[in-house]
Amino acid sequence: MSEKNGIRLSWVFVAVAVVSGAALLYDIAPAGASDDHDEARELRDSGEVMPLSGLLARPELDGLRVLEADLERKHGRMVYELELLDAAGRVDKRYFDAISGEPLGNRVED
Amino acid sequence: MVLENQKVLVWDPFVRVFHWSLVLFYLVAWVSAEEWASLHEQAGYFILVLLGLRIVWGVIGTQHARFRDFVYGGTVTVGYLRSLRAGTPRHYLGHNPAGGWMVIALLLSLAVAGVSGILIGDAEHGVWKEIHEGSANLTLLLVVVHVSGVVLASLIHGENLVRAMLTGHKMRRSEDV
């Protein structure tokens, strides 16, 4: 391969990279769409997700302080993410299905 | 005849675009990890596409882009590292042996991070998540060593390697490998 052809082919690789990059980044959900307040309110008002107050009434949250509550879309599913502080001072992230209120799992952050 | 101090194009356009895109999207993936899932995932896919293209380019690309040009055996690499410690390394027009292995390490580490990220799927825990976070952290460590190596080599040889990766040009020297 001559040097000139090498550089030409190099530009072809650049073009492929740019086009695939643009295609991949094209359908990103806008920032905060997953925890956007308007969308959250809309979903709650339409009855598609349970209200946060209903979730907070769950018995497994007794005695825990809610530091942060987010409604997020994770892998196409609406999920409440709660950051909880227990009596021992440990911070714990827990996920709940936003439609049924079912617990999904947690992640200890300390 | 090889002319002394001749300006040559060492890094072709794709090598440069690849390098800086990787820098940008590794940063994007890192920052968006906990904040913006869809951006994090698409940045990861794009990094994998870039890696795939780079591997093909490493076989068919221009002279200094090829693995054959910069992956040296153990003896040469150890010898290079010794000469680096002594402060008298040889000047390479392309990647030096240590830099060459850094390229391989970064490609592998990022490939593991990308693939394990896909394999996490819906899980909030699990072995893939551990591997994903481990390889992402390893990549950061490699980046720190890489940048240190670039600074060190730039100082020793009195050339600006960061600029070379932007413009593609380096000055050829008569004693070059």
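**View 1. Helix α2 (residues 37-60) of chain B in a predicted model.** The 24 residues of this helix reach 35 Å from first C-alpha to last, close to the 34 Å expected at 1.5 Å a residue (1.5 Å times one less than the number of residues). Helices are DSSP runs of H or I with at least four residues, strands runs of E with at least two, numbered from the N terminus. In this predicted model, local features need pLDDT of at least 70 and side-chain atom pairs pLDDT 80 or more, while totals for chains, interfaces and linings use all residues. Residues are numbered from 1 along each chain as its sequence is written, and chains are lettered from A in the order in which they are written.

**View 2. Buried residues of α2(B).** Among them are B:F46, B:I47, B:L50 and B:W57 (buried: 20 or more other C-beta atoms within 10 Å of the residue's own, C-beta atoms being placed from the backbone). The buried residues pack against α1 (3-26) of chain A and against α1 (13-32) and α5 (97-120) of chain B (contact: C-beta atoms within 7 Å).

**View 3. Packing of α1(B) and α2(B).** The axes lie 9 Å apart at an angle of about 155° (lines fitted to C-alpha atoms over the stretch in contact, with angles from 0 to 180 degrees between N-to-C directions). α1(B) is therefore roughly antiparallel to α2(B) (angles over 145 degrees). Contact residues include B:F14, B:F18 and B:L22 of α1(B) and B:L39, B:A43 and B:R54 of α2(B).

Definitions and conventions. A residue is buried if 20 or more other C-beta atoms lie within 10 Å of its own, exposed if 12 or fewer, and partly exposed in between; C-beta atoms are placed from the backbone. Two residues are in contact if their C-beta atoms, placed from the backbone, lie within 7 Å. Angles under 35 degrees count as roughly parallel, over 145 as roughly antiparallel, 65 to 115 as roughly perpendicular and the rest as oblique.
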